[in-house]
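Hello,

Here is the structure I promised to pass on. My notes follow below it.

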Amino acid sequence: MSELRELYQEVIFDHNRSPRNFGKLEDANRTAEGYNPVCGDQVKLYVRVENGVITDVSFDGQGCAISTASASIMTEALKGKTEQEAENYFKSFQALVTGEGEADDSLEDMMKLEVLGGVREFPMRVKCATLPWHTINAALENKDDSVTTE
Amino acid sequence: MNSTEASVCVSDLSKTYDVEAIRAEFPALHQDIHGKPLVYLDSGASSQKPRSVIDATVYYYEHDHSNVHRGVHTLSQRATDAFENAREKVRVFINAKSDKEVIYVRGTTEGINLVARSYGDANLKQGDEIIVSEMEHHANIVPWQMLCERTGAFIKVLHFDDSGELDMQEFDDLLTEKTKILAVTHVSNALGTVNPIKDMTRKAHAVGAVVVVDGAQAVPHMQLDMQDLDCDFYTFSSHKMYGPTGIGILYGKEALLNAMPPYEGGGEMIKKVTFEETTYNDLPNKFEAGTPSIAQTVGLGVAVDYLTAIGLDNIAAHEQDLLDYATSRAADLDGLRIYGTAKHKASLLSFGLDGIHPHDIGTILDFEGVAVRTGHHCAQPVMQHYGVAATTRASFGMYNTRSDIDALFVGIEKVQQTFAR
């Protein structure tokens, strides 16, 4: 039961109820759509990049509490970061939720993301947490097309 | 009451339906999940297996295994007999006219693909029409789309209303002399709707179309009679009817199957091979290239025995009670919406909870020991009809009880409490 509490922490519910940076970003210059074929969840990421810095980022779509909270927390963490930093966060987040490799605690906003660490005990749900990250990764690489978790 | 009367009462009860005795036959049901007794409500995805099926598969490997139709030695004969006896059991079970009409395939998906490839490629041409219902599983949509790409035929969609019943007025309007195939499910895996196959077949035949029925969700729940339904092709999987995975049945009318080209080439499906010319084997072997799933087929035969002994009518009555009970429990719950309320429905409950995603529901229920399916159920057009990405589905099998449904609703209340924080 503690694993379940670890997964559904209060912060997750908070972000699920009132996701931050939710809605279309009108002046986005990078976008990508993510899709999880297992559950039908969709997320769209809108990013504004200026001189290599993510000056603004938002998302919309529909997903479970884990993917919604993950997207919400991710947008909070990445706003104001450089593209290179975003990549470091992506790698660190993957390590956190898969348990493979070490999360990089030196990243200043890594603490915020650690609330999603409980998902590593739920292999079937890891993709819920990583879908927004794969999607923003695709947006930043300017692969302006659909990505899936597969 | 004297002891004779008491024993009469007990035997009458057991004649109606002894669900506890049935449960005792299924080893996988008796385990704890996250410290709670397993409540298995996902038989629609795949059912658990009775001891007799498991034992038969093990016995086959321990005593009788060899390749079928290949050798003159004793084990080959035993394997072949067991393999072919299962075919006869299935023939009786679905009341096909002949063993030649019972083709072994890997499952429902392969059955539909075989018909689309073999019958479809040989008979459809540019401008022909295939009617496919909106409630189909992807396995009864995609093979037809692929056939359309190859031939220039096209799909016409038969819609359902919000209760989950097919629009029979639209069906009448869609049927024309251009209609070559009707592809429809007997029971919807996402909604539970039981479709009027016999009636639809009669109408489709009137315009000269052949009828392909996805029976995957029907076969564990109702007595099937191919000669009465009169459909041209009917396909189902063993693993949803308490048998092993990896084996399924394609029923087809003999005249149609005879006229169809083979689906795959290889061993077993030939009479004579030279580099100049190959002659194909007779039915059913013409469609059974390669070494088949022998042990699984033997297990399927035993699953048929098991279902026959208990009686599909008894199972259907038991499951109807479960469905009625679950539906009434659901009606009492605020914030729960049922998807699929057709008058004629098989025993599954597809639902949504306000503001809570099915995957979150599924994870929390799992911690209550309750196994349900969450997602789009490989029926995305059904999800699109209701404007949702996914639903939660509890499907009931012959071994489920009212207390399983009570556990489901205890779990659902827990989900709602968790999300109300």
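**What Thr55(A) touches**

Beyond its neighbours within four places in sequence, Thr55(A) is in contact with Arg48(A) and Glu50(A). Contact means that two C-beta atoms, placed from the backbone, lie within 7 Å. Thr55(A) sits in strand β3 of chain A, residues 53-62. Thr55(A) is partly exposed because it has 13 C-beta neighbours inside 10 Å. (On that scale, 20 or more other C-beta atoms within 10 Å make a residue buried, 12 or fewer make it exposed, and partly exposed lies in between.) Ile12(A) is 43 residues away along the chain, and its C-alpha atom is 25 Å from that of Thr55(A).

Some ground rules. This is a predicted model, where local features need pLDDT of at least 70 and side-chain atom pairs count only at pLDDT 80 or more, while totals for chains, interfaces and linings use all residues. Residues are numbered from 1 along each chain as its sequence is written, and chains are lettered from A and ligands numbered from 1 in the order in which they are written.

Next, the two chains together. 17 residues of chain A are in contact with 14 residues of chain B. On the chain A side, α2 (10-17) and β2 (41-50) each supply at least two residues. That side holds ten nonpolar, four polar and three charged residues.

Finally, chain B. Its C-alpha atoms fill a box of roughly 75 × 55 × 40 Å along the principal axes. Buried residues make up 49% of its 421 residues. Of the contacts in chain B between residues at least 6 apart in sequence, 70% join residues at least 24 apart.

Best wishes

How values were computed:
Helices (H or I, at least four residues) and strands (E, at least two) are DSSP runs, numbered from the N terminus. Ala, Val, Leu, Ile, Met, Phe, Trp, Tyr, Cys and Pro count as nonpolar, Asp, Glu, Lys and Arg as charged, and the others, Gly among them, as polar.
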